[in-house]
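Let's take a walk through a protein model together, one stop at a time. Have a look at the picture first, and then we'll start with a question.

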Amino acid sequence: MDASLLKETEFAAIDREAWVKLAQKALKGADFDKTLISRSDDDIAIEPLYERCRKPQLTPRKNPSQPWHIVQRIDDPDPVRANRQLLEDLENGATGIALVFEGAPNAFGYGLPSTREAVDKVLYGVHLDMIHLRMDVHPKSRACADWFVDYMRPRDVNPKTLSFSLGIDPAATLAGTGRLRMTLAALKASLPQSLSGFFSSDLPGIVLEADGRVYHNAGATEAQELGAVLSIAAGHFRLFEEARQPIVYAAPHIGFALAVDQDQFLSIAKVRALRRLWARLQEACGARPSRATIHAETSYRMMTKLDPETNILRTTIAAFAAAVGGADSIAILPHTVAHGLPDAFARRLARNTQLVLADESNLAFVADPACGSGAVESLTEKLCEAAWKEFQALERDGGILQSLVDGKFQGRIVEARHARTKEYNSGKRAVIGTTLFPAKQERPVTVLDAPHMPLPTDGVVHCEPLTFPRIDETLQASE
């Protein structure tokens with residue numbers, strides 16, 4: 001903008017209308033809305049200038065006095081090699097691990113063997129009372145919870161000192177694999193009773209999860225992902241109400257998982273919006289609001305196979321957004337994940353990225369640094385409104401499980417994915433290293449030698465499974 005234009009008014013006192021007039025002069029006839037205002041996948045306007053927020057709402061992580069957990073994925077099909085990876089990660093700064101089992105929607109074709117023996121091997125030599133342990137959603141999540149209890153029983157560990165998430169989410173399993181191992185009626189009848197011991201013992205951990213990553217990686221918008229996790233959480237509440245068990249005991253043990261991508265401000269707003277939405281849902285259900293526990297993982301759909309080093313930039317932005325947004329734990333996908341099972345070098349880069357953000361940049365020092373920002377507060381509020389509408393749509397479908405069985409939610413996600421692909425094809429959006437500034441010569445990429453694990457084929461409830469094409473794959477397919 002021509003600096004001389006600013007002399008027409010005092011910049012400190014400028015209002016939006018006056019600023020737009022100045023901008024239109026600088027644009028020399030170009031349309032202000034089309035040139036300077038973009039829109040999210042949910043048609044939320046993202047403007048170049050926002051007024052200062054008059055009533056900011058502090059939305060910090062669950063424990064703002066502590067930094068987030070730096071989580072490393074453990075997804076090697078060889079449990080002995082996975083144990084070596086795990087110990088190396090913990091020795092070099094990671095404060096948490098996520099066990100990703102075969103058949104999991106988030107395993108991307110790999111994963112630990114889903115057996116009790118594999119759990120024993122991969123956790124050998126690990127002091128669980130000193131780290132955060134996640135078990136990612138997978139078809140045997142309920143059985144895995146029992147393996148966890150059996151593993152801890154002979155060890156001299158006070159369960160109340162543990163930090164864990166058991167990742168039980170039937171909806172994510174159904175959406176990602178197309179199968180459930182018991183009918184919806186049997187699930188409703190058995191799950192509350194089988195988990196009552198975890199709740200009654202007042203263990204400080206997450207038992208049930210509402211995992212939005214499966215929907216994001218399939219192509220969902222931010223509001224669709226948030227609406228999905230709200231519907232899952234509401235479904236968890238209904239299970240306990242129908243079993244005549246107070247939901248007040250279940251609420252603190254329900255956690256969330258979200259994907260964060262290279263859209264920094266929308267990712268910050270998405271994490272913040274989930275905290276407000278969870279409080280609103282609890283109030284609507286007559287429960288005293290408890291703070292949400294949110295795990296964030298960098299987006300798989302944004303990763304590229306060409307010029308994979310550019311993925312390091314994307315995951316750094318995404319992890320920054322998750323930290324600023326107030327995630328309680330963060331996992332970064334290694335930059336070579338699109339090529340296969342990442343090796344030690346790629347894992348080290350993912351780990352060290354978080355260490356720099358946490359220990360050198362001190363992003364955890366300020367609770368909710370985006371609070372009061374006109375842009376982030378506005379995006380947060382608009383995402384809450386759009387997500388609540390998506391939640392209501394899923395509830396009209398009969399809840400997310402029924403919507404998945406009927407294929408309704410999958411249809412809306414695929415529609416959003418196609419609309420996004422059109423914007424990339426038209427040049428309205430770009431992928432650095434793929435559609436914009438592609439490398440003249442690709443560098444060799446090394447990954448570990450590991451078998452590709454198939455999805456489970458057993459089940460009594462079926463639906464059309466979501467697929468997870470990366471954005472670069474959808475662009476190649478549409479050429």
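In which loop is the place of Gly 178? It's the loop between α6 (170-177) and β7 (179-180). Those labels follow DSSP runs, numbered from the N terminus: helices are H or I runs of at least four residues, and strands are E runs of at least two.

Before we go on, some ground rules: this is a predicted model, where local features need pLDDT of at least 70 and side-chain atom pairs count only at pLDDT 80 or more, while totals for chains, interfaces and linings use all residues. Residues are numbered from 1 along each chain as its sequence is written, and side-chain values use heavy atoms, with hydrogens and water left out.

Back to Gly 178. Is this residue buried or exposed? Gly 178 counts as buried because its relative accessibility is 1%. Here, buried means under 20% relative accessible area, exposed means over 50%, and partly exposed is in between (1.4 Å probe, protein chains only). If you skip its neighbours within four places in sequence, Gly 178 is in contact (heavy atoms within 4.5 Å) with Thr 173, Val 461, His 462, Cys 463 and Pro 465. Now look at Glu 464, in the loop between β14 (461-462) and α17 (471-478). Glu 464 has a relative accessible area of 57%, so it is exposed.

Next stop: the aromatic rings. A pair of aromatic rings is described by the distance of the centres and the angle of the planes. Rings of Phe, Tyr and Trp (its six-membered ring) pair if their centres lie within 6.5 Å; planes under 30 degrees apart count as stacked, over 60 as edge-to-face and the rest as tilted. The structure holds 6 such aromatic pairs. In one of them, Phe 237 and Trp 278 are stacked, because their ring centres are 5.6 Å apart and their planes are at 20°. Phe 237 sits in helix α9 (residues 222-242) and Trp 278 in helix α11 (residues 264-284), so this pair ties together parts that are 41 residues apart in sequence. Trp 278 is buried, with a relative accessible area of 0%. Trp 278 also pairs with Phe 256: the centres are 5.0 Å apart and the planes at 70°, so this pair is edge-to-face. Since Phe 256 lies in strand β9 (residues 254-260), the pair with Trp 278 in helix α11 ties together parts that are 22 residues apart in sequence. Put together, ring pairs link Phe 237, Phe 256 and Trp 278 into a cluster.

Now find helix α13 (residues 344-360). With 17 residues, α13 reaches 23 Å from its first C-alpha to its last, close to the 24 Å expected at 1.5 Å a residue (that is, 1.5 Å times one less than its number of residues). Several of its residues are buried, among them Ala 346, Arg 347 and Leu 357. What covers the buried residues of α13 includes α3 (79-91) and α12 (310-325). Just after α13, Asn 362 takes a positive phi of about 55°.

Let's finish with Phe 437, in the loop between α16 (408-425) and β13 (447-448). Phe 437 counts as exposed because its relative accessibility is 62%.
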